[in-house]
Amino acid sequence: MADGMDEDVSEGAVSLQQELTCPLCQGIFRDPVLLPCTHSFCRECLEESLKFGKTCGLCRKEFRQEHAIANRALSSACETFQKEMNRWPSQSRPTKEVCNIHLKPLELFCEKDEEPVCVDCVTLHSTHRLCSLRDGAPICKKELSFKVQIFEKKVESYKKMTRKLTNAVEYIKYQAGQAENQIKAEFERLHQVLRTEETLRLTELATEEDEKTAAIQDLIANTNKDIVALNELIETLKKAMGDEDLPLLRNFQNLKRKAQWPREDPRLLNDSLLNMGKHVGALSFKIWKNVQAHVKYQPVVLDPNTASPWLLLNADLTSMKESPERQTAPENPERFDPCVFVLGAEGYTSGKHRWDVIVGDIPKWTLGVCKESVARKKKFTVSDHRGVWSLGLSKGAYTVLTSERTTLQVLQRPERIRIKLNIDKGEVSFWDGGTGTGTHLVTLTHKFEEKIFPIFGPGLCSTPMVLAPGKMAVHTS
């Protein structure tokens, strides 16, 4: 007698649960809303379905969102059912999986809607491809397996990036060591009067080192967290793939929604490395008030963070030459590679600027200015169309490197090239700086609309190209 009553309770519970189940999420209604076609859905499920069109998920009738009203009676019934379920014996709780519309067993899988259906649902999926649950499970597993493979490859790429980021931290420490030695040497040369200034600059250096090291350490930590999260996601998907077919298929859409990775891949950002120009560039000029007789002024210093791995720069960033072997350096966005160039540490947006470059008998070089957005990570033909306004020497000929190459007739080979940049007039001119008054070579014109940097291409030559110190005049009143 008790068994018969339990069976009646179970069948009644199954029937009641079917009536209180949302056809979209297959769960008990949560905040149900009623459509004009009399079908009800969870409010959240309905809002999600609106992304794909304003039609009922069951009868496909169109409706306007404001016509969906709260179904308070159904909501109250669901709350009561949930409370009663908690009181029923576990053997009396509904366990049979059936279609919520036709109350028949779920025996087919719709590949288009990616959900299990019963035989009577075929008319609702007449244009869809249907297969058995046994055939549907491998399809879903295959797609989830593809996701797993993608995430596994992403984990490997993240691990490689972590190693690159770790190397960048070591390089920053190497840079900090170089800068520290240079700063100490300069301050030692200037003796006790500069001790206070020395301490200040070392503190600034240490602060930037700590900040930029900490920033990359944070990026490393976040990347490691992403690796853990990806591995957890992979394990979740793998675990789900091991479930029985029907639970897997019922949970497939939820799994597919979870199987997304919205975060960007880790990378070394602009300005990640130390600003070496700030710490050691034109250092003596910055402290000229204390020891004016020992000060050298450099109108331009080099930015080692932009230097090609095939270039060697001296300690005070005023000369460059070919490196006999490729230098180990981070693949930061500012660095030229494979082109053999280096930029000045400071860019200009206005005003007049002038600097001299001692080229001596170097057989091949390129000198001029370029826009900040010039290509860094690919080979390109140097021309004004590429954002470079320059003069070059190659095979004994001096060439204006515009889109239409122009060869200059030079009577005497210049050992010093003077470059004058007038941002406001849109001019960059080249001069033989070795003569008394300077012999004009060529002037290029352009309306400069972004920051302009000095650019240097010393060619692959062991003789250094040197930035000449500028003349300095001190006026006091």
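Visitor: Which residue in E18 stands opposite Val 342?

Guide: Phe 456 does. This is a predicted model. Val 342 belongs to strand E9, residues 342-343.

Visitor: What makes E9 and E18 a pair?

Guide: Two strands pair if DSSP finds at least two bridges between them. E9 and E18 (residues 452-457) have two bridges. That meets the cut-off, so they count as paired. They run antiparallel.

Visitor: Which sheet holds these strands, and in what order?

Guide: An open sheet of six strands. The order is E9-E18-E11-E12-E13-E14, with antiparallel pairing.

Visitor: Why are E9 and E14 called edge strands?

Guide: Each has a single partner strand. One side of E9 (342-343) and one side of E14 (406-408) are therefore left without a neighbour in the sheet.

Visitor: How do you know that E12 and E13 pair?

Guide: Count the bridges. Four join E12 (residues 388-394) to E13 (residues 397-400). The definition asks for at least two. So E12 and E13 are paired, and they run antiparallel. Leu 393 stands opposite Tyr 398 in E13.

Visitor: What lies between the strands of that hairpin?

Guide: Two residues separate E12 from E13. Lys 395 takes a positive phi near 55° in this hairpin.

Visitor: What makes E13 and E14 partners?

Guide: Three bridges, in the antiparallel sense. The cut-off is at least two, so the pairing holds. Tyr 398 stands opposite Leu 408 in E14. E13 and E14 form a hairpin with five residues between them.

Visitor: How many helices and strands does the whole chain have?

Guide: Eight helices and 19 strands.

Visitor: Why is the chain called more spread out than a compact globule?

Guide: Set the value against the rule. The globule rule gives 23 Å for 477 residues. The radius of gyration is 36 Å, well over that, so the chain is more spread out than a compact globule. The C-alpha atoms fill a box of roughly 115 × 55 × 45 Å along the principal axes.

Visitor: What share of the residues is buried?

Guide: Buried means under 20% relative accessible area. By that test, 43% of the 477 residues are buried. The accessible surface comes to about 26,900 Å², and carbon and sulfur atoms hold 49% of it.

Visitor: What share of the contacts joins residues at least 24 apart?

Guide: 64%, among contacts between residues at least 6 apart in sequence.

Visitor: How far apart are the mean positions of the positive and negative charges?

Guide: 6 Å, for 66 positive and 65 negative charges.

Notes. Residues numbered from 1 in each chain as written. Predicted model: local features only at pLDDT ≥ 70, side-chain atom pairs only at ≥ 80, totals over all residues. Heavy atoms only, no water. Rg over C-alpha atoms; globule rule 2.2 N^0.38 Å. Buried < 20%, exposed > 50% of the residue type's maximum accessible area, 1.4 Å probe, protein only. Contact = heavy atoms within 4.5 Å. Areas by Shrake-Rupley, 256 points an atom, 1.4 Å probe, with all protein chains shown as cover. Lys, Arg positive; Asp, Glu negative; His and termini not counted. Charge placed at Lys NZ, Arg CZ, Asp CG, Glu CD.
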